[in-house]
Protein chains: 2
Amino acid sequence: MERSDAGEGAGLLKPGRGRRRAEDVRNATLTTAAELLLAEGVQGLTFSKVAARAGVSKMTLYKWWPSPGALAFDAYYDTFKDTLAFPDTGDIRRDLTTQLHSFVELLNRNGSVIAGIIGAAQGDSDLAEALSTHYVTQRRRLAVERLTRAREAGQIREGVDLETIVDQLWGAAYHRLLMPAQPLTTDFTDQLIANLFQGLAPDSPHPAT
Amino acid sequence: MERSDAGEGAGLLKPGRGRRRAEDVRNATLTTAAELLLAEGVQGLTFSKVAARAGVSKMTLYKWWPSPGALAFDAYYDTFKDTLAFPDTGDIRRDLTTQLHSFVELLNRNGSVIAGIIGAAQGDSDLAEALSTHYVTQRRRLAVERLTRAREAGQIREGVDLETIVDQLWGAAYHRLLMPAQPLTTDFTDQLIANLFQGLAPDSPHPAT
């Protein structure tokens, strides 16, 4: 992501100079918003603060995002999309293991901020809507895309509702973050994968790997 | 749970008159606290309010609970322990199905209050500690007890970490409550159970029931 210390005020990020400039402004805004979000939490993120720090006009922010929450979750999604990318080596268990290890590291590194963001969305319907639309739905879509390819490759049986797998892997990890009682480790996520792929029944033919 | 409209002030619930009276006071306090919690959320629950409404002294509350949060989560646990009890018919899939249907109904009936309680615990370390100790740990223990009997009965294979099943059933449902994007229904929890017991692999020998 490209950064610019100069804002619209300095004449370098004027919107309306064509496509490239608008992208620069958008990237600078997302970077600034993500920094604010991780430093001060979602309730510290206002259009005024982001506008001042990123050197963009508040008018631009209002035009591009329906609310500060929407900007916050777009920024959050954008910041971690590489860390949380879904690899595709052709082996779904291996790829889920890799991705979930990255996810656990992220939750352990930024856990209290992430928990605070999700916590703030409870009881604030605008923020809840922004979380759902601008983050949860986007992340679920990426996961289901990878799981769909696995099903097409014959690694997941037909008839499984792939959306439910999202809740039993990433949702299970969020559960340990938000309602803590047991450790949130890579051993834990490895076991989540084993439970699903090997199954819980005693006569399962799929040994844990 | 026994209720009394008369408080200590009316001379009916004086503590120190022996074991039965102390139990009455405790039950009246838990009922009052649960009502306050469901009506006003966890941040509206103070020792002063509970003392006044339940007719008990604040001194008694301080003696029995380390914090208002601890009282709140004890009250919450107590109020829903019958609704969320784990049946034991000897068939673990059937019993999990029954219990998860009750759980989903509870989440759909009181969803925004429950989400608000969990949300408030994020970023408030005292409340987070109370949630973990007085609610999450207690509920996990009950679930793992039932799962342990299922393993002993040969319905769950050896080697499965039973704690992880808690995250993949109840945790998965909390995920849809707290990070909404997909419906929280009994069809959903039935699929969670099928995924785990049947397994995701294509050549699984365990047909969904």
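**View 1. The residue that follows helix α5(B) in this predicted model.** After α5(B) comes B:G123, whose phi is positive, near 80°; helices here are DSSP runs (H or I, at least four residues), numbered from the N terminus. The model is a predicted one, in which local features need pLDDT of at least 70 and side-chain atom pairs count only at pLDDT 80 or more, while totals for chains, interfaces and linings use all residues. Residues are numbered from 1 along each chain as its sequence is written, chains are lettered from A and ligands numbered from 1 in the order in which they are written, and side-chain values use heavy atoms, with hydrogens and water left out.

**View 2. The interface of chain B and chain A.** In contact with 49 residues of chain A are 49 residues of chain B, where contact means heavy atoms within 4.5 Å. Between B:D167 and A:R176 there is a salt bridge, whose closest N and O atoms are 2.8 Å apart (a side-chain nitrogen of Lys or Arg within 4 Å of a carboxyl oxygen of Asp or Glu). On the side of chain B that touches chain A, α7(B) gives the largest share, 12 residues.

Methods: Helices (H or I, at least four residues) and strands (E, at least two) are DSSP runs, numbered from the N terminus.
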